[in-house]
Amino acid sequence: MILNSLSLCYHNKLILAPMVRVGTLPMRLLALDYGADIVYCEELIDLKMIQCKRVVNEVLSTVDFVAPDDRVVFRTCEREQNRVVFQMGTSDAERALAVARLVENDVAGIDVNMGCPKQYSTKGGMGAALLSDPDKIEKILSTLVKGTRRPVTCKIRILPSLEDTLSLVKRIERTGIAAIAVHGSWEHSEDRCGKREERPQHPVSCEVIKAIADTLSIPVIANGGSHDHIQQYSDIEDFRQATAASSVMVARAAMWNPSIFLKEGLRPLEEVMQKYIRYAVQYDNHYTNTKYCLCQMLREQLESPQGRLLHAAQSSREICEAFGLGAFYEETTQELDAQQARLSAKTSEQTGEPAEDTSGVIKMAVKFDRRAYPAQITPKMCLLEWCRREKLAQPVYETVQRPLDRLFSSIVTVAEQKYQSTLWDKSKKLAEQAAAIVCLRSQGLPEGRLGEESPSLHKRKREAPDQDPGGPRAQELAQPGDLCKKPFVALGSGEESPLEGW
């Protein structure tokens, strides 16, 4: 048996609730800035997490849990390590334990979602489906308490019957968990259809949460007050007193404006959004997730000029420009690229890679950014077109993968001259595009960036699109928001709309 290290206290705390597509690293850090004591990540499904590999991202100073397809499912950093709780969706005790052991050195606590009524959760026997299977609840929680070093909690929704609710929470307490979060409303079974508009808004029952708090000896965390109770900081304490809970967990009110945790009162939304965007860029948050969270903050202002700019944005750069942070984006991405270059050079020395005679190779620290090019144009296309016009042999690419971190570097040979980017990349195709850029720039040739397309290139593409071996393919496109690191993907349990508070 592993004794839990109960270093995380759940008494008298302000807590950011787990929210799908919202509780990612930028939002968690922002909530901590504004006074939250504990922050929960969005629900992450055990089957996804057990496939992940733990990777230290030295460029971002983060720890990433990366899926086999190189998607980052969960990203965290040292600043939140002692205050972030990892929430998982699970229906199996052994899988839950495997995930807990995977992440326990990088988080402060482990939580099991036992209240989400969304179909993606309940159809796998997770979330609210667990509420009808107390035996499984007991097995999952007991296994986690005995097997992980971190305090274990769960988040439930009350049952239609007070008697059944109290019976369940007493059984949960006996498993040895550190605290229990309670959403003070219940769902009809027919509401578990995954369609938000078909779920009625049941009022939050402060009385039931109070009854639970009076019954249990472990901390009870009250949740669900955003709809009727919490509009400003003082309301959080009022909600806590009304429920007699040890702590309060805030969902939608924090999603709308994370400065709800600030004693001094709400900060202007413009200030909050700019601060959020800075974190999103610094930690390479995927632009679709950044955009989603900003839309939740804007709410009724989505039809404003700034809201329309946000709606039209198709990259992190465009989001930054919409909020007057274009210069910040450029400076930050340059710093991250430079850091990647330094680390790549250091890694090459440490790995003792075969010494290659590169005295004749022209090198530059460049990367291929898909966003800077028209949809159908790439540097490889431009280089191939130039070679054809000059009656040169077509470019030859030699690409190698570095075993230590599985990154790629490519050398392109044109007219017996070799060209290479000093920045290693995450795929063979991206590395080849970077090598092509080095060649084009060293020759002073256009590389197809927006505003410098070659008419002849478009003409040739229309006439013989399948004769260009260097042409673009869908899988060759870089992920928007790529800053030489793994792309953010962790959308929690899928692409569905979020269920605030879970």
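View 1. Arg317 is buried, at 19%. The two side chains form a salt bridge, with their closest N and O atoms 3.0 Å apart. Glu330 sits in helix α14 (residues 326–351) and Arg317 in helix α13 (residues 316–322), so the pair ties together parts 13 residues apart in sequence. A salt bridge needs a side-chain nitrogen of Lys or Arg within 4 Å of a carboxyl oxygen of Asp or Glu. Helices (H or I, at least four residues) and strands (E, at least two) are DSSP runs, numbered from the N terminus. Salt bridges also link Arg317 and Glu330 in a network with Asp369 and Arg371.

**View 2. Arg240 and Glu237 meet in a salt bridge of 2.8 Å, N to O.** Both residues belong to helix α8 (residues 233–243). They are 3 residues apart, which means a separation of about one helical turn. Arg240 is partly exposed at 23% relative accessibility. Glu237 is partly exposed too, at 31%.

**View 3. Lys418 and Glu398 join two strands through a salt bridge of 3.3 Å, N to O.** Lys418 lies in strand β16 (residues 417–421) and Glu398 in strand β14 (residues 396–401). These distant parts of the chain are 20 residues apart. Lys418 is partly exposed, with a relative accessible area of 31%. Glu398 is partly exposed at 44%. The structure holds 22 salt bridges.

**View 4. Three strands form an open antiparallel sheet in the order β4-β5-β6.** The edge strands, β4 (53–57) and β6 (72–77), each pair on one side only. Neighbouring strands are turned by 25° against each other on average, direction ignored. Two strands count as paired if DSSP finds at least two bridges between them. Strand β5 (residues 62–66) and β6 pair over 5 bridges. Thr62 stands opposite Cys77 in β6.

**View 5. Helix α1 (residues 25–33) lies across β5 and β6.** Contact means heavy atoms within 4.5 Å. Helix α1 runs at about 25° to β6. Axes are lines fitted to C-alpha atoms, for helices over the stretch in contact, and angles run from 0 to 180 degrees between N-to-C directions.

**Notes.** Residues are numbered from 1 along each chain as its sequence is written, and side-chain values use heavy atoms, leaving out hydrogens and water. In this predicted model, local features need pLDDT of at least 70 and side-chain atom pairs count only at pLDDT 80 or more, while totals for chains, interfaces and linings use all residues.

Technical notes
Buried < 20%, exposed > 50% of the residue type's maximum accessible area, 1.4 Å probe, protein only.
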